Structure formats: structure tokens, C-alpha cells
Amino acid sequence: MKNPLQVTIIDSFKEVHKINFKRYEYPNLMELIIDNYCEEIGDCGGRGMCKTCFVKLVKNPNKEDKDSLKINFTQDPNTMDYLLACQIIVDDCINEMTFKILNDN
Ligand code: FES
């Protein structure tokens with residue numbers, strides 16, 4: 001049997017959450033975080049306007065390709081340094097990645 005997909009989230013208090021998910025189980029990473037951890041992010045509901053859902057990719061199993069994070073986005077980001085969780089598609093590409101929530105609220 002295939003291992004479940006898993007993403008690791010480091011929250012604002014530096015607690016580590018390993019979350020199993022199914023491909024396309026959530027519309028985006030922000031919804032996965034809210035459903036599994038309930039951190040207060042995503043004020044605009046995922047429209048890319050509030051900027052409360054910033055995450056930083058801190059572990060990437062695909063890092064051999066420096067120019068591409070191998071993440072599928074609903075909208076391509078302006079920078080790869082800080083990403084909007086609401087624009088990250090929940091699929092196999094983020095399997096085994098670790099994201100840190102940058103929300104200071
Ligand atoms: S939820 Fe508002 S920018 Fe991502």
C-alpha cells in the first residue's frame with residue numbers, strides 16, 4: 001500500500017505538525033492548515049489579498065532544481081522566498097515538504 005502523503009507545518013510557536021493528506025483533499029494549503037491546526041490565517045478566504053497566510057518553504061525534497069520549487073500554484077508567486085499558502089495546491093508535489101508559518105498576528 002502506498003504511504004499517505006504528508007506535509008510538515010511549523011507554526012508561529014515553532015511547534016511541528018506532521019499532517020497526512022490526500023491529493024486535492026483541500027482547495028489549498030491554507031485550508032489544510034486551518035482544518036488541522038486552526039491557526040488564525042487566511043482572513044480573505046484565499047483570494048490572495050490579506051497576506052495573512054505567508055509560509056516559507058524550509059525543507060524541500062526536490063531542492064536539486066534550484067529554479068523551481070516543484071510546487072503547483074493557483075497563481076504564480078512573485079518570489080519563491082515567501083509563499084501564500086492559499087495559492088499552493090495540495091497535491092503530490094508538496095509531499096514531504098516542510099513549511100513554516102510566518103504569520104505574526
Ligand atoms: S488567505 Fe488571504 S492572502 Fe492567502
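Glu96 is found in the loop between β4 and β5, and its phi is positive, at about 70°, although this residue is not a glycine.

**Fold and burial**

- The protein chain is made up of 1 helix and 5 strands, and, when read along the sequence, these elements follow the pattern β-β-α-β-β-β.
- Of the contacts in the protein chain that link residues at least 6 apart in sequence, 58% join residues that are at least 24 apart.
- The protein chain has 105 residues, of which 24% count as buried.

**The largest nonpolar core**

- The largest nonpolar core contains 20 residues, and the members that touch the most other members are Leu29, Met30, Ile33, Cys53, Ala85 and Ile94.
- Two or more residues of this core are given by each of β1 (5-10), α1 (29-37), β4 (83-84) and β5 (98-101), and the largest share, 4 residues, comes from α1.
- Cys53, which is among the core members with the most contacts to other members, is in contact with Met30, Ile41, Gly42, Leu84, Ala85 and Cys86 once its neighbours within four places in sequence are left aside.
- Two of these partners of Cys53, namely Met30 and Ala85, are themselves listed among the core residues that touch the most other members.

**Positive phi outside glycine**

- Lys14 lies in the loop between β1 and β2 (16-21), and its phi is near 65°, which is a positive value in a residue other than glycine.
- Lys14 counts as exposed because it has 8 C-beta neighbours inside 10 Å, where the cut-off for an exposed residue is 12 or fewer.
- Glu96, with its positive phi of about 70°, counts as partly exposed because 14 other C-beta atoms lie within 10 Å, a count that falls between the limit of 12 or fewer for exposed residues and that of 20 or more for buried ones.

**Confidence**

- Among the elements of the protein chain, confidence is lowest in α1, with a mean of 92, and highest in β1, at 96.
- Where pLDDT is low, the predicted coordinates should not be read in detail.

Definitions and conventions:
Residues are numbered from 1 along each chain as its sequence is written. This is a predicted model: local features need pLDDT of at least 70, side-chain atom pairs count only at pLDDT 80 or more; totals for chains, interfaces and linings use all residues. A nonpolar core is a set of buried Ala, Val, Leu, Ile, Met, Phe, Trp, Tyr and Cys residues joined through C-beta atoms within 7 Å. Two residues are in contact if their C-beta atoms, placed from the backbone, lie within 7 Å. pLDDT is the predictor's confidence in each residue, from 0 to 100.
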